[in-house]
Structure formats: C-alpha cells, structure tokens
Amino acid sequence: MTDNTPPQDEPPNDSNQWWSTPASTGSSTPLTGTDPTIMGGSQGYGASGYSQQPYNPQAYNPQPYAQSAAQPTAIPQPPSQPTPQPVAQPQMGYTGQQQQPQFTGGYPQQPSFAPRPPQKSNAALWVIGGVVGLVVVIGVVIGIVAVSSSDDSSNSILGKNKVDGDYSMSSVTNACSLVDLTVLSKWAPTAKPNPTHTERAPDSSIGGGSLDCDGSYEGAGKYSTDSSQLSLNVEFQSKYGSPDYNMWKDTDTKTTGSGRSSGDITGIGQQAYYAIEQRNYSSFNVLNYTCAAMDSNVSVKIELRIDADSAPSTEDAGATCKDQLKKVLTGLHK
C-alpha cells in the first residue's frame, strides 16, 4: 500500500484529481498548458493523466441586428374575461318591491346603496295631537259655561266687569230723548225731520245693550249749505270684554296731526276726554268735536259736526258737547 492508494473505505479514484497536484511525468520537463485551477485537465487519459489540448477560441463574427437578432417571444396573455355590463340602479324611495341586481357575465355588480325603507307614518302623532287639542277646547268651553252660569255677575274671563251698575236703559224707548237736538240750531236754523235712533236691549245672562241717535240741522250760510249734526252712542257693560270707552279713547286721542287736539275732562263720570279735529277749506270750514265719559257700567260718547262758512268756535262746541254728555248720564241713572 502506497501513499497514492486511496483508503479502503473510499471508492477507487483516478490518481489525477482536479483539485490535486498534477502527476509527475518522471522527467524534469515542466508541464505546460495546464490550467491553474484544474490541474492536468489537458493531459491524455493514462498513467500520466490527460494530454493537454491547445486552446483555440472561436472568432466572433457579429451579424447585423436585422439578420441575427432573435425575434422576441410573445408573452403569453391570460384568457380575457367578459366585460361586466352596467346594472340598472334602484330607484329612490319605496316602490313596493326590492330591486334585484342583474348579472350579465363576469363579476356581479352590487347596487351602490340599499333601497330606502318605507317611512313610518305620522298618523299616530296626528291622532295624539288631535286628542290633546280636543281636550283643550272642551276645557275652555267648560270654563266659559261655568263663568256664564255663575251667580256673581261681576266675574268674567277678562277681569271683573261691573254689569249690574248704576245705569240702566230699561226706561228708554227712544234714544234721541236723552239729548236736546235743538242745540244744533246755534249753527243751522232748520231741523232735519225724523232723526234716527236704535235701542238694543241687554242680554239676560251677559248684560250689555246699546243706544244710538243721529239728528241734524241745515239751511244756514250764504248758500244755505251750513249744517250741524249730533251723534249719540251709549254702550252698557257686558260680562265679556273691556268697556267701549277704552277703544273710543285710543281711536280719538292717539291720532295726531294738523288741526287735531285732545285732553281729559274732569267732573264727568269716572273718566272723560275730548278730541278736536278742524279742517279749513277755501269756501267752508269743518269742526268735529267729540266728548266721552265712562261711569260705573256705562260708556257714553257724543260727536258734534259743524260745517260753516266761517270757522266755528271750539269753545261753544265744547260747552255744548259736555252739557249733552251730562244730560245723557242723568237720563240713564237709576
């Protein structure tokens, strides 16, 4: 057994290994043409190894691109899928049946949003509101009936109004009998016949009642066109509402402007006022003088209208108005 003999547990191998030192030829001539990595790769097969073959590289002969260039191989494409078709979108609101999605191939399309569910009815709220409103109305009616049937005639839903007061119209058959229409002769000589009057009796349960009178004189002035007129209005208090005096005063005294003036009157009833309106034209003049009073359960108003060639005296008109106001209160007092 020599050093070149492989161990018994390994398979026999050629004495020339690619990783081993080339075998000696027994001469002093050095080996040529050996590869520095694979030793003895060119020597012939035998005891001394493979014979060395000279290296003869092939010459590179370039070719034009058009002739030698290899055609690129087409990249295989995946099988095409059918183009998805658009699906009809569901309509807004509830139509009685749900829109079903349609499929035309490929991947199924999903609806963009779910159909709106049917809205709940507000019928229950209307019913509840109607019941509540009915209860309120019934309550108001019961309150009015209770007030109307009360023995205390001074109570009302707008406050305590004195219905059965110091004045009454029970003895009056003609409202014009409460005033003296002859005072109009100061401004016109001839009385116009048949003055108008109205008497409205009070209600047996809520009170009230009213009296009205309108009389006039005429025939004065250069052209016999001057005239004078008196209007009387009496309103008795009822259980409901405020005295008419308040409304009259708001209307007569809150209107301002040229030729207008107003103020309070003392010594007549609980409250009294006057209001003046003068209008002067080129050929005639007009004076409206109003006075009114409220006392106990009655409101009384007298209006004087005077048309004359020259401007009438507001002092004479005022004194006449106040005197007639006192006369009416005296005639109605119980």
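Biologist: Which residues touch the most other members of the largest nonpolar core?

Modeller: Leu211, Leu232, Val234, Ile302, Val328 and Leu332, in a core of 39 residues. The model is a predicted one.

Biologist: What makes this a nonpolar core?

Modeller: The members are buried residues of types such as Leu, Val and Ile, joined through side-chain atoms within 4.5 Å. Two or more residues come from each of E5, E6, E8, E9, E10 and H4. H4 gives the most, with six residues.

Biologist: What does leucine 211 touch, leaving out residues up to four places away in sequence?

Modeller: Its contacts include Met169, Val172, Leu178, Leu232, Val234, Phe236 and Leu332. Thr198, Glu199 and Asn233 are also among them.

Biologist: Which residues of H4 are buried?

Modeller: Ala317, Gly318, Thr320, Cys321, Gln324, Leu325, Val328, Leu329 and Leu332. Buried means under 20% relative accessible area. The buried residues of H4 pack against E5, E6, E9 and E10.

Biologist: Why does valine 136 count as exposed?

Modeller: Exposed means over 50% relative accessible area. Valine 136 has 52% relative accessibility, so it counts as exposed. Valine 136 lies in helix H2, residues 123–148.

Biologist: What do Ile128, Val132 and Val136 form?

Modeller: A nonpolar patch on the surface. Together the three have about 280 Å² of accessible area.

Methods
Residues are numbered from 1 along each chain as its sequence is written. This is a predicted model: local features need pLDDT of at least 70, side-chain atom pairs count only at pLDDT 80 or more; totals for chains, interfaces and linings use all residues. Side-chain values use heavy atoms; hydrogens and water are left out. Buried means under 20% relative accessible area, exposed over 50%, partly exposed in between (1.4 Å probe, protein chains only). Helices (H or I, at least four residues) and strands (E, at least two) are DSSP runs, numbered from the N terminus. Contact means heavy atoms within 4.5 Å. Patches are made of residues with over 30% relative accessible area and no salt bridge: like charges are joined within 9 Å, nonpolar side chains (Val, Leu, Ile, Met, Phe, Trp, Tyr) within 5 Å. Accessible areas come from the Shrake-Rupley method with a 1.4 Å probe; for residues, only the protein chains shown count as cover. A salt bridge is a side-chain nitrogen of Lys or Arg within 4 Å of a carboxyl oxygen of Asp or Glu.
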